[in-house]
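Subject: Structure handover

Hello,

Here is the structure you are taking over. My notes on what was found in it come after the sequence and model.

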Amino acid sequence: DQKKFRHYTFSDLTDKLPNSNFIRAVSVDSQNRIWTGTHNNGLFLFNRKDNTFRKLGFETNSIFFIANYEKDKKIICSSSGIYVVEQANNKLEILSSLNNDIETNATFYVINSKPNIYWIATLNGLVRAEMLNDKLKADKIYTTSTNPAMSVNNCRVLLYDDIENKLLVGTEGGGLNVVSLDKEHYAKKIEVYQTTNKLNSISNNYVRSIIKDRYQNIWVGTYEGLNKIIRDETSGEITFQAYTKRDGLPNNMIQLLVEDNYNNLWMGTNGGLSKFNLNENRFLNFTASDGIQSNEFSEHCVYKKPDGEIIMGGINGITAFYPEQINVSTNVPQTTITEFYLDSK
């Protein structure tokens, strides 16, 4: 039974489009066009109606994340910094950037905790910025040398928990940093969760993805499996329940996470795509032979549309699918044994 995954790639790779099928970021605009960030080849606009990619800009930059801002305005995290952009009249206009405010070029993720307060995960720390009239301005940077202090400076992915008023920061080698915010949304305390010899610690210190499901459970994807945050209702203490290949994952490196509308988590790994049924605690795995772009996905490179369609990127293009269309055959094939060998005889 053919799985209904759609696989999109740059159809005619030339010297002008090196590595274009290595996709690092995806987003969708109001016209159902896919904004496509590539590795070392800038930003493209993909029109699925005529199956064409059009270069928007950023030359040979890597695009790590594309966030929706207002209407068809986006915030772009790239290897050269962070930009507020608008696409109009077939041109990309840069409305503002933070390149003069922060020391680092590489930015990996952006999220807002209040309408005008944005947090940016960068190579050199966690940046708090304010947005006014489409202009981003850095206000404060939290690093290993500030008070409160980050565990490491290389921040990769963010999640704002509005119930707890906390910012969860996934780092490169420093574990999970949980930033408690005050009323003005400044950091007042940072708790660090790293892998230890204890049974219920986080499974790895390299964090690639964080999401919250409809039941308010928080899931963390690491280099060594999927982690569910368990919070003690009395003490508030946090522990982690880890899932790895022993539990059914195809690969332990979790690059991206997204929840569908049917009580499942989908995760892109370095060994294929996995569907995790939250009711049954069961994994169902798919590989390139099922039609996905490849077995290797890119860091937090996923977008879920309002109609439920999920779009992901990896090292060989874009995978798009509606989860309800990915059915598994219940047909049991008849088997005929035609030969039998024991020790090659």
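Two strands are taken as paired if DSSP finds at least two bridges between them. Please keep in mind throughout that this is a predicted model.

The four-stranded sheet

By that criterion, four strands form an open sheet, arranged in the order E14-E15-E16-E17 with antiparallel pairing. Strand E14 (155-161) and strand E17 (187-193) are at the edges and have a single partner strand each, so one side of each is left without a neighbour in the sheet. From one strand to the next, the twist averages 20 degrees.

The partner of E14 is strand E15 (residues 166-171), and the two pair in the antiparallel sense over six bridges. In this pairing, Cys-155 stands opposite Thr-171 in E15.

The nonpolar cores

The largest nonpolar core has 49 residues. Those with the most contacts inside it are Ile-75, Val-110, Trp-119, Leu-126, Leu-176 and Ile-210. There is also a second, separate core of 14 residues, which includes Ile-23, Phe-46, Ile-311 and Ile-318. As background, nonpolar side chains tend to be buried together in soluble globular proteins.

Leaving aside its neighbours within four places in sequence, Leu-126 is in contact with residues including Trp-119, Ile-120, Lys-140, Met-150 and Val-179. Its contacts also include Cys-155 and Leu-158, and E14 spans 155-161. Leu-167 and Val-169 are among the contacts of Leu-126 too, and E15 covers residues 166-171.

Strand E27 and its two partners

Is strand E27 (residues 310-314) enclosed by the rest of the structure, or open? Five of its five residues are buried, so E27 is largely enclosed. Ile-310, Met-312 and Gly-314 point one way from the strand, while Ile-311 and Gly-313 point the other way. Ile-311 is also one of the residues in the second core.

E27 pairs in the antiparallel sense with strand E26 (residues 297-304) over four bridges, and with strand E28 (residues 317-321) over five bridges, again antiparallel. Ile-310 takes part in both pairings: it is the bridge partner of Lys-304, and it stands opposite Phe-321 in E28.

The hairpin from E27 to E28 runs through two residues.

Regards

Definitions and conventions: Residues are numbered from 1 along each chain as its sequence is written. This is a predicted model: local features need pLDDT of at least 70, side-chain atom pairs count only at pLDDT 80 or more; totals for chains, interfaces and linings use all residues. Side-chain values use heavy atoms; hydrogens and water are left out. Axes are lines fitted to C-alpha atoms, for helices over the stretch in contact, and angles run from 0 to 180 degrees between N-to-C directions. A nonpolar core is a set of buried Ala, Val, Leu, Ile, Met, Phe, Trp, Tyr and Cys residues joined through side-chain atoms within 4.5 Å. Buried means under 20% relative accessible area, exposed over 50%, partly exposed in between (1.4 Å probe, protein chains only). Contact means heavy atoms within 4.5 Å.
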